[in-house]
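This report describes the architecture of one protein assembly for a reader who has its sequence and coordinates at hand.

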Amino acid sequence: MTKITLITGASRGLGRNTALSIARAGGDVIVTYHSRSGDARRSRFSSIPGPSRASATSLAGCLLHFVTTGSGTRSTISSTMRVMASTR
Amino acid sequence: MNVHFKGVFFLTQTLLPLLADGGRIVNLSSGLTRISAPGFAAYSAAKGAVEVLSVYLAKELGARGIAVNTVAPGAIETDFLGGAVRDTPDLNAQFAGMTALGRVGMADDIGPMIANLLSEGNRWVNAQRIEVSGGQGI
C-alpha cells in the first residue's frame, strides 16, 4: 500500500525537519507552505540529492510535492494527494 | 485561531475521504497547554482545542483503524515568535534553565520523533498528548 505523509507548514522549522526526517526514512511526503517562492522552497529541501521528476522532486527515492496554501488550499491538496497516489 | 485550530479542523475534515484506513494523524500542540505564560492565551487556547479535537478524532476514526495523536514540543529554536527563543539569549537561557536536559530544543529534536511516531512499531499509540521538550517545566 502506498504511504504518503502530508505535512503542513513544511517550508521551515519543525515542519521542514519532519518532512526531511520522513523522507530520509523512505517515506513519500507532500509539503505545504504559505508563501515561499518556488526556488526558495526547493532549496530548503536540497540537502538530500536526488533526480527530478515531473512536478515532483525525488528525495532519497521519495516523492516530494509542493502545494501552496495561498489559495484553493483544500482542493489543491486533495487533488495532489490523488495524483501522488496514482503515480506511485 | 484561524491557522492553529480552524486550519487543522477543516483540512482534516476535507481529507478524511482520502485518508487511508489504518492511517495516522499527528497534530502539533505546544508545551504551553500544560504550563502558562502571559501573552499566550489565544495561542494556547487554540492548541488546547487541537488536543481535544485529536482525542475526538481518535474516537471517531478508530473504526477505520486510524490513530490520532498530538505532539507537544517545548521551546524550540525555530522562526517561532520571530526566532525569539533562538535569537534572544536571556529568553533562551530562561527556557534552558527550566528544562531537565539543560537546553532548549532544536528542530532536529522533533522531526525524527514524529517520523518515528508514524512508524509501524508505534501503531498502538493512540489518543495521546506526547510532550517532547527535554523535560521542560517539570
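Which residues does A:Ile7 touch, not counting residues up to four places away in sequence? In this predicted model, the partners of A:Ile7 beyond that sequence limit are A:Gly15, A:Thr18, A:Ala19, A:Val29 and A:Val31.

Along the sequence, the elements of chain A follow the pattern β-α-β-α-β-β-β-α. Chain A has 88 residues, of which 38% count as buried. Among its contacts between residues at least 6 apart in sequence, 57% join residues at least 24 apart.

## Nonpolar cores

The largest nonpolar core has 26 residues, and those touching the most other members are A:Ile7, A:Ala19, A:Ile22, A:Val29, A:Val31, B:Ile76 and B:Ile114. At least two residues of this core come from each of β1 (4-7), α1 and β2 (28-33) of chain A, and likewise from each of β2 (67-73) and α5 of chain B. The largest share, 5 residues, is supplied by α1(A).

A second core is separate and consists of 5 residues, including B:Ile25, B:Leu57, B:Leu61 and B:Ala67.

## The sheet of chain B

In chain B, 3 strands form an open sheet with parallel pairing, in the order β1-β2-β3. Because β1 (24-28) and β3 of chain B stand at the edges with a single partner strand each, one side of each is left without a neighbour in the sheet. From one strand to the next, the twist averages 25°. The parallel pairing of β1(B) with β2(B) extends over 5 bridges, and B:Arg24 stands opposite B:Ala67 in β2(B). On the other pairing, β2(B) and β3(B) run parallel and are joined by 4 bridges; here B:Ala72 stands opposite B:Glu131 in β3(B).

The helix α2(B) packs on this sheet and touches β1, β2 and β3 of chain B, its direction making about 160° with that of β2(B).

## Helix packing in chain B

The axes of α1 (residues 2-15) and α2 of chain B come within 8 Å and cross at roughly 25°. The two helices are therefore roughly parallel to each other, since angles under 35 degrees count as such. From α1(B), the residues B:His4, B:Phe5, B:Val8, B:Phe9 and B:Thr12 meet B:Tyr43, B:Ala46, B:Lys47, B:Ala49, B:Val50, B:Leu53 and B:Leu57 of α2(B). This contact comprises 9 nonpolar residues, 2 polar and 1 charged.

B:Tyr43 belongs to helix α2 (residues 41-61) of chain B. It counts as partly exposed because it has 17 C-beta neighbours inside 10 Å. Leaving aside residues up to four places away in sequence, B:Tyr43 touches B:His4 and B:Leu32. Between B:Tyr43 and B:Leu61 there are 18 residues in sequence and 26 Å in space, taken C-alpha to C-alpha.

## A loop residue with positive phi

B:Ala127 is not a glycine, yet it has a positive phi of about 60°. This residue is found in the loop between α5 (111-117) and β3 (129-132) of chain B. With 15 C-beta neighbours inside 10 Å, B:Ala127 counts as partly exposed.

## Contact between the chains

How many residues of chain A are in contact with chain B? The contact involves 16 residues of chain A and 19 residues of chain B. On the side of chain A that touches chain B, the elements giving two or more residues are α1 (13-24) and α3 (73-87). Of these, α1(A) gives the most, with 7 residues. By type, this side of chain A divides into 7 nonpolar, 7 polar and 2 charged residues.

Notes:
Residues numbered from 1 in each chain as written. Chains lettered and ligands numbered in written order. Predicted model: local features only at pLDDT ≥ 70, side-chain atom pairs only at ≥ 80, totals over all residues. Contact = placed C-beta atoms within 7 Å. Nonpolar A, V, L, I, M, F, W, Y, C, P; charged D, E, K, R; others polar. Buried ≥ 20, exposed ≤ 12 C-beta atoms within 10 Å, placed from the backbone. Axes fitted to C-alpha atoms, helices over the stretch in contact; angles between N-to-C directions. Parallel < 35°, antiparallel > 145°, perpendicular 65-115°, else oblique. Core = buried A, V, L, I, M, F, W, Y, C linked by C-beta atoms within 7 Å. Pairing = 2+ DSSP bridges.
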